[in-house]
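Here is a short note to read beside the structure. Please keep the 3D view open as you go through the points.

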Amino acid sequence: MPFRPRTAVSGAILATAAVLLCPAAAAARPADAPAPPGWSAAPAPGDGATPSAQDRPYFYLEGAPGTVMNDRLSLRNPTGRAVTVRLRGSGAWIAFAAKEVTVPPRTRAAVPFTVTVPRDASPGDHPATLVATAGGSRRGAAGRDTVPVHLRVSGPVLAALTVENVSVRGRGDAAVIRYTLVNRGNTVLTPRLAVRADGLFGPVLRRGIRTLPGRLSPGESAELTEPWADPPGLDAVEVRLTVSADGGAQGSATASYTALPWGVVAGPAFLVAAGAGGLVIVRRRSRAQVPGGVRGGGPVGNADGGKRLSGRQTADPAAELASTGSGARS
C-alpha cells in the first residue's frame, strides 16, 4: 500500500534533522583510502523498519495545489567505511534537509525532504527523481543511486494522446514508418499502437494493438519508428497509425506512400525527354527551309502605313507605273 505523508514539516525540524546527522557523520569520517561500494538509497518505511524493494520501491505523494508534503530518504551503508553522499531532486519542488550527508560504517541515515506543490500547478502526474551521488574520495566510495518519485497533484485528470508527423521512408526490401507521440494531457500515459496500410488492391499491412515500451509524462513527446520489412513494390498506399492509452486517450494519423519501381519511373521520363528533343530538331529544320527574304520575320509596318519590303517603300504601284510611262512618252 503506498505511503502517504501526513503534513508538512517546518523549517526548524528540517534544520534540526540536518544538524543531528552531521556530527555523527563527522566523527565516523575515515582518513585513509575509500571503502568498497555498497551504499544505497531507498524510501524510508513508515514504521521505522529496514527499507526494502517490497516495502516501497518508489515514493508516492499526492496533494492539492499549494500543499507542502514531506517524506524521508534512507541512505544505507553496510560497508566498513563512511560514505559522504550528495542529495538533490530533479525538480524545483523538492528540498532536502541537508544537501550532503556522511553515513557512518554499517549504519543508515534517514534524510527528510519536502515537496512543495505550487498553487498554480496543473492537476495530474508530475514525476520526479531523487538523486544520491558519492564521489570517489576519502569520504567514501563512488557511486550513484536514484529513487523515483510519483507525484500526483489532485484535481481533474485529462488523458490525451496524439500521433503526429507520420511518414514512410525507404523502398525495396524494407521501409520505415516514422511518427511522433505527444502526451497532451496531465497524466502519465503508457501508449498502445495499431498499424494498418491499404493499397489500391486491398490491405498490405495489419498490426494489432500492442503496448509500446516506455511511458510519456504530461507534455512529453517521443519520436519513434516502426519497421516495415516487406512493403509493396508497385502501389499507392495509405498508412494509418492509431494510438491509445488508459483514461480514454486515443488519436490517429495517416500518411501516403507511393511505391514505384525505377524502371516504371525512368521509362516515361525518357520518352518525354526524347519527344521534347525531337520537337526542337523539327522546329530548327523548318526554320532553316524558309526563303532568305522572309526568314527574318514577317512584314513590318512603317509610319505611313505601307509595307516595307527589300528596303523600298511603295505607296501606290499603279500611280507609279503611270508616271513612269508618261515620262517615257515625253
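This is a predicted model: local features need pLDDT of at least 70, side-chain atom pairs count only at pLDDT 80 or more; totals for chains, interfaces and linings use all residues.

1. D246 sits in the loop between β16 (235-245) and β17 (249-259), while R192 is in strand β13, so the bridge ties together parts 54 residues apart in sequence.

2. Are these two partners buried or exposed? D246 has 59% relative accessibility, so D246 counts as exposed. R192 has 24%, so R192 counts as partly exposed.

3. Next, look at E164 and R184. Their side chains meet in a salt bridge at 2.7 Å, N to O. E164 belongs to strand β11 (residues 161-169), and R184 to the loop between β12 (175-183) and β13 (192-199). The two are 20 residues apart. E164 is partly exposed because its relative accessibility is 25%.

4. R206 pairs with D198, the closest N and O atoms being 2.7 Å apart. Shared partners join R196, D198 and R206 into one network of salt bridges. The whole structure holds 8 salt bridges.

5. Now turn to the nonpolar residues. The largest nonpolar core has 29 residues. L73, L75, L87, F113 and L130 have the most contacts inside this core. Several strands each supply at least two of its residues, among them β3 (68-77), β4 (83-89) and β7 (107-116).

6. Which residues does L87 touch, leaving out those up to four places away in sequence? They include L73, L75, F96, V101 and V131. A second, separate core has 27 residues, including L181, V195, L212 and A255.

Methods:
Residues are numbered from 1 along each chain as its sequence is written. Side-chain values use heavy atoms; hydrogens and water are left out. A nonpolar core is a set of buried Ala, Val, Leu, Ile, Met, Phe, Trp, Tyr and Cys residues joined through side-chain atoms within 4.5 Å. Buried means under 20% relative accessible area, exposed over 50%, partly exposed in between (1.4 Å probe, protein chains only). Helices (H or I, at least four residues) and strands (E, at least two) are DSSP runs, numbered from the N terminus. Contact means heavy atoms within 4.5 Å. A salt bridge is a side-chain nitrogen of Lys or Arg within 4 Å of a carboxyl oxygen of Asp or Glu.
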